[in-house]
Amino acid sequence: MTTILCRLTGPRCLLWRYGALIKRETHSRTSHVIPQGGARLLAGGGRPLTGYSRAQSRRQHTEAAAAVEVDLKRLEGKDDGIVEVLMCRHKARNALGNVFVSQMRKVVSTLYNDSAVRVVIFRSLVPGVFCAGADLKERALMNNSESDLFVHGLRSLMTQIALLPTPTIAAMDGVALGGGLELALACDLRAAANSAQMGLIETTRGLLPGAGGSQRLPRMIGVTLAKELIFTGRRVGGQTALEMGLINRVVEQNQTGDAAYREALSLAREILPQAPIAVRMAKEAMNRGLEVHYESQIFFKGLYISEFSDCSLFQVDIGSAMAIERMCYARVIPTRDRQEGMAAFIEKRAPRYTGE
C-alpha cells in the first residue's frame, strides 16, 4: 500500500525511490566479499560464516590461487573499447562454483568505473558450453544455510552483471542451463548458435530458478511462456529461442565452434562507434523505465494495462518513466560528444566520440 500511495504522488516520489534503489543495489555489489583466508562474510555484516571447515577454506584458497576460471581480455586496435569476460573452467564445464563466482565478481567489479569500456562480451573458452549451471558437487557438501547464502551470492552476481553501465552481450556457443542461462539473461543482448541448448531446468532438480531467472525470463518472453518453460524444465535450441524472443540473433555453428562469439563481436562492433555516454544513459533509461512499468502491472494484479488506458494510475506510470528518461537525457546534453554529434552531422562526416 505504501508503494501504491508513493506512486500516486507522481514522478518526484518515484525518483526518490529510484535513487534509493541504486544506493541499495550498489551496496549489495560490495557486501559479498571473500577475504584472503577463505571465510565468507554475510551480506552487509562483518561476521564470517563457520559452516566450512578450515581445511575446506584452505583448499578453496589454494584453488583460487592456482587456477584461473574467469579472465578478462581487452581488445585493441579497431576493437579498442570492447572487453571480453572469458569463462574457462574446463573440467567442470564452467559450473558456478565458489572459485568461479568469486573470480567473476572481481572481474565484473573492475568494469564499473572504467570509462574505456564501451561493450562487454561474456563468452566461454570451453568447447560446446556457455555455462552448465550450478556446481552440484559443491552444493551437495553445503548445509541448508550455506546453500541459501551461496544462491544469494549468485543472485547478487547476476544483479551486478545486469547493473553494468555499458551494454553486455552473451555469446552462447553451447549449453546454457540453469544458472548459466540466468547469467545470459542478466546480459542486455544474446547471440547463440543454432546448436546451443538453453533452459531453466531447476525444477528437474527439485529447485526453482534462484539467481534472477524467475523474474527476468517472464519480463523477456512473457509470463505465460516463461511459466511453461520453468514448470517443465524444458530445453530449447537456438532457433526456437530466437522465435520466443529469448535471444537477439542465431547463427549456424562453424567448424571452430565460435559462431555465436563472432556474431556477438559483430554486434559489439555496431555499438562501438556510437556515443558512449548516450548509450549508457539509453540503457539506464530503458531499464529503470521498465521497472516502473512492471510495478504498475503488479498493482493491477496481472490485468492488461490497456484496460486501464484512461486511468490516472496509468498516467502516473508513463509519467514516472518519462521523468526517468528526462533525467538521463539531461546528463547527455552538456557532453562534448553531443556537440561532436551535431557538428559531424552538419559537416557531413563520421563523428569522433571520446566519451566526454
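## Cysteines

Cys-328 is buried, its relative accessible area being 3%. Cys-131 also counts as buried, because its relative accessibility is 0% and the cut-off for a buried residue is under 20%. The model described here is a predicted one, and it contains zero disulfides.

Strand 5 spans residues 168–172 and is mostly covered, with five of its five residues buried. Thr-168, Ala-170 and Met-172 point one way from the strand, while Ile-169 and Ala-171 point the other way. In strand 5, the residues pointing either way are all buried.

Strand 5 is paired with two strands. Strand 3 (residues 119–124) runs parallel to strand 5 and is joined to it by three bridges. Strand 7 (residues 189–193) is likewise parallel to strand 5, and four bridges join the two. Ile-169 takes part in both pairings: Ile-121 stands opposite Ile-169, and in strand 7 the bridge partner of Ile-169 is Leu-189.

## Helix 9

Helix 9 comprises residues 223–232, and Ala-226, Leu-229 and Ile-230 are buried within it. These three lie on the same side of the helix, because they cover an arc of only 95° around the axis. Thr-224 and Phe-231, on the other side of helix 9, are exposed.

Gly-233 follows helix 9 and has a positive phi, near 65°.

## Glu-263 in helix 11

Glu-263 belongs to helix 11, which covers residues 259–271.

When residues up to four places away in sequence are not counted, Glu-263 touches Ala-191, Arg-249 and Val-251. Glu-263 and Ala-192 are 71 residues apart in sequence, yet their C-alpha atoms are 8.2 Å apart in space. Strand 7, at residues 189–193, is the strand joined to strand 5 by four bridges.

Terms used: Residues numbered from 1 in each chain as written. Predicted model: local features only at pLDDT ≥ 70, side-chain atom pairs only at ≥ 80, totals over all residues. Heavy atoms only, no water. Buried < 20%, exposed > 50% of the residue type's maximum accessible area, 1.4 Å probe, protein only. Arc of directions from axis to C-beta. Disulfide = S-S within 2.5 Å. Contact = heavy atoms within 4.5 Å. Pairing = 2+ DSSP bridges.
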